Amino acid sequence: MILKKDCSGKTDSLFSCDRCKILIGGKEKLTIKVFSGRAGKIIKKWDLCPLCYRKLYKGIEKYKKTE
């Protein structure tokens, strides 16, 4: 979630992680986008900090190993 927008570039913008609510800068933010098949659009779902992104990645990899 964007908290402060920097008009000159996204590097100085301020975001909040959608999972843990920590404040992150534009350089640290990782955006997760989802393709909506019905609408045919790519929709931005979450802004994550690097720690939450790693947790999501590890969870997906762990799930794939159980199959």
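Guide: The count of disulfides in this structure comes to zero. The model is a predicted one. To count as a disulfide, two cysteine sulfur atoms must lie within 2.5 Å of each other. Take Cys17 as a case: the closest cysteine sulfur to its own belongs to Cys20, at 3.7 Å, which is too far for a bond. Cys20 is likewise in no disulfide, and the nearest cysteine sulfur to it is that of Cys52, 3.7 Å away. Both distances can be set against the cut-off of 2.5 Å.

The surroundings of the two residues can be stated as well. Cys17 has a relative accessibility of 0%, so it counts as buried. Cys20 has a relative accessible area of 38% and is therefore partly exposed.

Next, the aromatic rings. Searching the whole structure for aromatic pairs gives zero. The ring of Phe15 does have a charge over it: the charged end of Lys29 sits there, 4.7 Å from the ring centre.

Last, a pair of strands. Strand 4 covers residues 30-36 and strand 5 covers residues 41-48. The two run antiparallel and are joined by seven bridges. Within this pairing, Val34 stands opposite Ile43 of strand 5. Strand 4 and strand 5 form a hairpin with four residues between the strands. In that hairpin, Gly40 takes a positive phi near 70°.

Key. Residues numbered from 1 in each chain as written. Predicted model: local features only at pLDDT ≥ 70, side-chain atom pairs only at ≥ 80, totals over all residues. Heavy atoms only, no water. Phe/Tyr/Trp six-rings, centres within 6.5 Å; stacked < 30°, edge-to-face > 60°. Lys NZ or Arg CZ within 6 Å of the ring centre and 35° of its normal. Buried < 20%, exposed > 50% of the residue type's maximum accessible area, 1.4 Å probe, protein only. Pairing = 2+ DSSP bridges.
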